[in-house]
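User: I'm new to this one. Can you walk me through it?

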Amino acid sequence: MKKFILCLLVLTMVSGLVFAGGSKEKANQKVVGVAMPTQSSERWINDGANIKKQLEAKGYAVELQYAEDDVQLQVSQLENLIAKGVDCLVVAAIDSTALVNTLASAKQNGIPVIAYDRLLMDTDAVSYYATFDNKGVGTVIAKDIESKMGLKTAKAEGKSYTIEFFMGSPDDNNALFLYNGVMEVLKPYLDNGVLVCKTGRTSFEDTCILRWSQETAQQWCENYLAGFYADEKLDIACSAFDGFAYGIKAACEGAGYKVGVDWPYITGQDAELMATKNIIAGSQSSSIYKDTRLLASKCVTMVEAVLKGSQPEINDTTQYNNGKLVVPSYLCTPVAVDQSNYKEVIIDGGYYTAAQLGL
Ligand code: BGC
């Protein structure tokens with residue numbers, strides 16, 4: 001009996017230790033705080049999961065937080081992570097300029113900061129920036145429109161197309177980069193009349209959508225179609241985000257457009273699962289594939305660099321001036337996906353399975 005009780009006691013102690021080890025960080029284990037903007041869009045869920053998985057595989061503990069596009073919530077999440085004494089912060093900001101004081105406090109506490117996907121502005125507390133080539137995203141979207149709509153030869157053929165623009169959030173530094181990339185390719189066609197924007201809304205100020213809101217994009221598109229496209233159809237919706245494309249799709253359906261008949265060319269960004277399904281169905285024309293596994297892996301090399309003193313891979317030291325410094329960056333390459341290449345890029349690339357896409 002005594003032996004039995006002893007056994008029970010030992011078992012209880014061992015399982016207690018295992019439990020403690022499982023629920024807490026191990027001694028000396030470095031902790032990385034990861035602040036993501038929102039779970040309302042699938043890409044950020046994938047980003048968070050990929051960073052966590054890859055950091056944990058390297059032995060780090062990860063505190064992953066989502067702030068649901070609430071700037072104040074993100075500030076308090078970061079303050080909590082700083083107060084807990086995390087060893088490093090990875091931040092995808094909601095508002096690129098709203099974290100200046102919070103990041104200053106990270107710096108005072110000796111916590112290095114990596115900017116993830118969105119640049120952190122007006123701060124010297126950021127060490128590195130892992131992102132996609134944001135201007136490149138814009139040029140890839142615009143070149144896709146240029147080639148699919150045959151813009152290069154349209155003038156000679158006496159053709160023109162109507163177009164409306166749905167650009168990203170003004171508080172996200174990526175959005176203006178993307179817009180500039182789009183306009184670098186499409187402005188000549190607006191100037192020579194091959195592209196006609198009937199609302200006249202072509203500036204960044206007139207086309208940017210706060211917090212990348214799908215609802216706003218839908219509302220705008222409904223208003224445009226009702227107010228400007230009663231006689232002539234909308235041919236192209238140049239959209240900077242898959243979420244916008246869903247709103248535009250709903251607006252077009254509401255206005256009686258039909259896929260395969262008079263459906264506009266609708267672009268997007270992120271190659272979300274739903275967007276990819278819509279591409280297959282023909283209700284979205286293209287998207288920009290951004291492999292969040294690759295971005296996470298570049299970010300992890302930056303975390304290792306600040307924590308271990310190693311050199312991360314950097315491929316841009318000129319473009320991303322945040323007002324305080326030019327942040328050493330790694331820019332991943334965006335790729336346009338459409339019906340012709342989604343199988344090769346997305347399914348063969350292991351991003352989604354055929355079954356996930358309903359194939
Ligand atoms: C990202 C895009 C994303 C957008 C909306 C941007 O900062 O670079 O990939 O579509 O935010 O979430």
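**Ligand and domains**

Analyst: Domain 1 (30-133 + 291-332) and domain 2 (134-289) both supply residues to the shell around the ligand, so the ligand lies between them. Those bounds come from an automatic or database domain assignment. This is a predicted model: local features need pLDDT of at least 70, side-chain atom pairs count only at pLDDT 80 or more, and totals for chains, interfaces and linings use all residues. Residues are numbered from 1 along each chain as its sequence is written, and side-chain values use heavy atoms, leaving out hydrogens and water.

User: How far apart do the C-alpha centres of the two domains lie?

Analyst: 30 Å.

User: And how many residues are in contact there?

Analyst: 20 residues of domain 1 are in contact with 17 of domain 2. Contact means heavy atoms within 4.5 Å.

User: Back to the ligand. What surrounds it?

Analyst: Among them are Arg43, Trp44, Asp117, Phe241 and Lys290. Near means a heavy atom within 4 Å.

User: Which classes are in that shell?

Analyst: Three nonpolar, two polar and six charged residues.

User: Which oxygen distances can you give for Asp172?

Analyst: A polar side-chain atom of Asp172 is 2.5 Å from a ligand oxygen. For Arg118, the distance is 2.7 Å. For a side-chain N or O atom of Asn174, it is 3.0 Å. A polar contact is a pair of N or O atoms within 3.5 Å.

User: How much of the ligand does the protein cover?

Analyst: 98% of the 310 Å² of accessible area that the ligand has on its own. That area uses the Shrake-Rupley method with a 1.4 Å probe.

Key: A polar contact is a pair of N or O atoms within 3.5 Å; within protein, one must be able to donate a hydrogen and the other to accept it, and residues adjacent in sequence count only if both atoms are side-chain atoms. Ala, Val, Leu, Ile, Met, Phe, Trp, Tyr, Cys and Pro count as nonpolar, Asp, Glu, Lys and Arg as charged, and the others, Gly among them, as polar.
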